[in-house]
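Student: Could you walk me through this structure? I am new to it and would like to start with the rings.

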Amino acid sequence: MRYGFVIDQDRCIGCHACTVACKEEHQVPVGVFRTWVKHIEKGEFPHTSRHFGVMRCNHCDDSPCTEICPTSALYRRADGIVDFDNRRCIGCKACMQACPYDALYIDPNNNTAAKCNFCAHRVEKSIEPACVIVCPTQAILAGDLDNPGSKVSRVVATQKVSVRKPQKGTQPKLFYVGIEGDLLEPNRISRADTYFAADRRDGWAQSSASDVSNLAGALAREVYDVPHPAPWGWKIAAYLWTKAVAAGALLVATVLLSLAGSAPGTLFNIVCPVVALVGLAVTSALLIFDLKRPDRFFYLVTKPNLRSWLVIGSYFLIGYGALATAWLLCGIVWGAVPSVVQWFAAVFGVASACYSAFLFAQAKGRDLWQSPLFLWHLLVQALVSGSATILIAGILMDADSGVLRPAALILLLSLIVSLAMNLGEIALPHVSEDVKLATRALISGRLSARFWGLVVCAGLIAPIILVSLVLASALPGAPAFAIVAAVLALAGLWWFEELWVKAGQSVPLS
């Protein structure tokens with residue numbers, strides 16, 4: 001048994017009865033929606049037309065929301081319905097990033113995720129969903145797709161049907177008859193700051209008309225939609241930055257101690273593990289307080305979904321924290337850290353730095369974050385932040401040049417690789433239109449001034465030049481310039497994380 005929907009847009013009159021019935025059935029709060037009707041217009045007066053699209057959860061057979069949910073609050077039932085248990089939800093909003101169809105929202109009453117659940121409580125009693133009952137033109141059909149005698153099965157088998165974003169591989173079970181093609185591809189629709197009867201109030205996510213509108217001379221105009229604010233903000237960007245600093249501190253320290261032959265001392269025995277532990281503490285605090293239900297953060301351990309990289313990453317951070325603590329204790333008690341502790345810490349540092357690439361890859365709704373280079377970005381960022389932090393601390397502690405020069409060299413090489421990857425990311429062919437739009441927001445849209453000025457020039461090129469001159473001993477007062485270069489590198493990394501998170505969410509999903 002696999003329950004699914006068929007929506008006949010040739011019958012739909014755009015009355016919003018399905019939206020109202022759904023809100024009443026589930027007591028959906030004002031401002032959020034489980035199902036809604038989107039309006040677009042095409043043509044110019046007097047040859048114009050308006051088209052409707054009923055939007056909701058697609059109850060995918062391969063649902064990305066259930067994979068990324070760290071506590072299995074979202075799950076696929078045996079009958080094919082993708083349901084949710086708000087008693088397990090921690091409000092991480094990862095499911096909102098994973099869904100390519102913008103079907104999820106945060107319920108403002110209980111701060112947990114919610115969406116269309118096929119009126120499962122009605123279906124269990126052999127009653128059709130509320131939207132099906134109320135539709136005045138019988139445009140909405142619901143039934144078992146595996147039953148050849150059901151209406152939905154017959155329509156899917158005998159009529160031309162369409163689904164949204166089949167390229168995502170989610171196997172959606174919401175089929176459309178007669179839908180206007182532009183409603184299936186939101187990046188083909190132009191957007192303005194107003195609707196036909198209201199102002200937009202989406203927030204940043206989709207209000208940047210210069211970045212995401214009028215692509216390739218789009219003819220369709222969006223004239224009504226519901227708000228879709230960006231789920232993740234500055235806390236997620238800050239978490240990426242603090243995690244890079246924490247992971248990089250012991251990773252670079254291990255490289256310097258083992259490969260560069262640096263002598264152990266207070267810098268490596270005490271300062272580096274303290275930086276790692278403080279960075280981990282701040283990272284954890286950012287993750288917890290970004291949750292809509294921070295009181296449930298421990299569900300990551302007590303109710304884990306082991307397919308979610310939120311859970312796997314949490315285990316990496318816990319392991320790295322334990323190793324950083326062991327490193328610090330060894331440094332305090334014995335004045336030296338065993339090599340086995342160093343290398344285990346380095347391995348967990350790499351894992352802690354890089355797991356976010358797999359987490360962002362599970363956010364299948366955001367094409368920019370699917371970049372195969374993102375893992376290498378995160379690794380290089382850990383090297384940049386670790387070497388920059390050690391360089392600053394080493395200069396302030398008057399460390400030996402045998403420590404400072406290798407740290408500066410690692411910083412220089414990491415910055416050069418980071419610059420090359422950034423430029424390659426925007427220059428290489430884009431795998432989808434969504435990536436093209438997100439990249440355009442970075443390089444020529446509203447984010448471009450900060451990207452080119454703060455990330456590329458101030459955060460990469462300037463420190464590359466300064467560190468090169470310092471290593472060449474071409475600058476009087478080299479230590480001060482080295483500190484400036486390290487601070488610029490860290491600041492540029494901060495701005496990269498901020499813009500990467502924003503750009504990924506700048507493209508509309510529905």
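**Aromatic pairs**

Tutor: A search of the whole structure finds 15 aromatic pairs, where rings of Phe, Tyr and Trp (its six-membered ring) pair if their centres lie within 6.5 Å, and planes under 30 degrees apart count as stacked, over 60 as edge-to-face and the rest as tilted. This is a predicted model, in which local features need pLDDT of at least 70 and side-chain atom pairs count only at pLDDT 80 or more, while totals for chains, interfaces and linings use all residues. Residues are numbered from 1 along each chain as its sequence is written, and side-chain values use heavy atoms, with hydrogens and water left out.

Student: How are Phe360 and Phe374 arranged as a pair?

Tutor: Phe360 and Phe374 form a tilted pair, 5.4 Å from centre to centre with 55° between the planes. The pair links distant parts of the chain, with Phe360 in helix α14 (residues 339-362) and Phe374 in helix α15 (residues 374-396); helices here are DSSP runs of H or I with at least four residues, and strands are runs of E with at least two, numbered from the N terminus.

Student: And is Phe360 buried or exposed?

Tutor: Phe360 is buried, because its relative accessible area is 0%, and buried means under 20%, exposed over 50% and partly exposed in between (1.4 Å probe, protein chains only). Phe374 is also buried, at 1%.

Student: Switching topic, what joins β2 to β3?

Tutor: A hairpin joins them through two residues. Strand β2 (residues 36-44) and strand β3 (residues 47-55) pair in the antiparallel sense over nine bridges, where pairing requires that DSSP finds at least two bridges between two strands.
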